[in-house]
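Subject: Structure for your files

Dear colleague,

Here is the structure we talked about handing over. My notes on it follow below the display.

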Amino acid sequence: MKYSPRYRLFPTTAQRENLDWTRNIVRQLYNHALHEFNKIPEDAGTLRQRVWQVRDRLPALKNWWTDLTNVWSTVLQKAVERIRTNIQNLGKLKDNGYNVGSLNWKSPREFRSFTYRQSGFELDKKSGPDNRAILQLKKVRGEPLDIPVRLHRDLPDHDAIKEVTLKQEPTGAWYASFCIEADEPAKPEPEDIEPKDTVGLDLGVLKFIHDSDGRSIDRLDLSEERKRLEREQRSLSRKEYESNNWEKQRQQVAEVHARMTNKKRDFKHKLAHYYTTEYDAVFVEDLNVKGMLESPENARNKAEVGWRDFISILKHHGRKRGCHVVEVEPRGTTKECARCGVETAKPLWVREHSCASCGFRLDRDFNASLNVLSRGLEDLGVGYSEDTPVETATAMDTVSVSASRVVESGSPCLKEPPTAASRQG
Ligand SMILES: [Zn+2]
């Protein structure tokens, strides 16, 4: 499998200038190559052949364009090859019914990254200042560059890293994405999985997750960021378009956007990491089947984007760690009683499941997560006993976990036993 974790870089001012210089040369090369490519008639070969034809002119190009000799050669090759990727992407858009033109010349604002392939970089995980790692790039404006990088998530060793992409975000911050190719670990055979090593998740509008082991995880609180975004956008609208102050303010707005995106992504990755490390199988509802059944449409639509994103992150972590992620039939998970199976209709504001048939009472989302769990166990074929999950579950209390705990400690797990105050019945 391939994946590309992303890390923040901390270049000095001088290093920034050199990174910027490189990005700009690479952009000019891209534009030049596009111009050359457009001169080749379409019937002269396949897309790949035509792009490669331009790429093969690089050595000759360096004879008169001397700046290019100060850039690592695979970086130049990748830049030309981007024409192919971009054309393929245009084609995909066209297939999806978008009205697209041909490829355009790229302005500095549109061209933000460059990529080293296979060689020309070295990652030293230990020697940076303040526990940071060092990413060494060769030939950045002709010189090697040692940039501190914050490895907030661990990374496999050098051999697994196929590419490094350096990108400057609209906020001005630089990031490195490492393209990793690793073997997918085998997932345990269903018959070897113990039901206690599995979990069902109910993704909700009020709480982000309620799981079948009794954890309820709050949604991420972004109210501060939203307030700030509004403020910065108001201030931007008062500035003269494309003036210096406007540009500065635009960066402020981009920064708040970036912070919100990062915070959300980080939250979901940490939860996905936790669940796929802690369990052999994770069950969620299949959102492609789930209709707009339960809640006011707006709230649901908005939440659904986040859930879909979370599920795809969850699947990715599952592949990486050899954990099954199974999507189950969502119909009736809220109505059905997890103990006896009898359905009780309940509108969204009824927060408790109370079964008229067997008397079982439980938090509504907890009940739903238990149903997700039993459907998952059945679908995956985990050694399924006659007991329902309700009968085998030991703790029936819900432990409420704040989103900030997940963000800070990387998991919703409690280091100490919950106190009475943090429990809700
Ligand atoms: Zn019941």
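At what angle do the axes of helix α1 and helix α2 cross? This is a predicted model, and in it the crossing is at roughly 125°, with the two axes coming within 9 Å. Helix α1 covers residues 13–39 and helix α2 covers residues 47–55. Angles of 65 to 115 degrees count as roughly perpendicular and those over 145 as roughly antiparallel, so α1 and α2 are oblique to each other. The crossing of α1 past α2 is right-handed. On the α1 side, Ala33, Glu36 and Phe37 make the contact, and they meet Arg50, Val51 and Val54 of α2. Of the residues in this contact, four are nonpolar, two are charged and none is polar.

Next, the strands. β7 (residues 161–168) pairs with β3 (residues 113–117) in the antiparallel sense, over five bridges. Tyrosine 116 has valine 164 in β7 as its bridge partner. β7 also pairs with β8 (residues 174–181), again antiparallel, over seven bridges. Here lysine 167 is opposite tyrosine 175 of β8. Five residues lie between the strands of the β7 and β8 hairpin, where glycine 172 has a positive phi near 100°.

Last, the overall division. The chain splits into domain 1, residues 2–181, and domain 2, residues 190–424. Their C-alpha centres are 36 Å apart. Five residues from domain 1 and six residues from domain 2 form the contact. The side of domain 1 that touches domain 2 has two nonpolar residues, two polar and one charged.

Regards

Terms used
Residues are numbered from 1 along each chain as its sequence is written. This is a predicted model: local features need pLDDT of at least 70, side-chain atom pairs count only at pLDDT 80 or more; totals for chains, interfaces and linings use all residues. Domain bounds come from an automatic or database domain assignment. Two residues are in contact if their C-beta atoms, placed from the backbone, lie within 7 Å. Ala, Val, Leu, Ile, Met, Phe, Trp, Tyr, Cys and Pro count as nonpolar, Asp, Glu, Lys and Arg as charged, and the others, Gly among them, as polar. Two strands pair if DSSP finds at least two bridges between them. Helices (H or I, at least four residues) and strands (E, at least two) are DSSP runs, numbered from the N terminus. Axes are lines fitted to C-alpha atoms, for helices over the stretch in contact, and angles run from 0 to 180 degrees between N-to-C directions. Angles under 35 degrees count as roughly parallel, over 145 as roughly antiparallel, 65 to 115 as roughly perpendicular and the rest as oblique. A crossing is left-handed if the near helix is turned anticlockwise from the far one by less than a right angle, and right-handed if clockwise.
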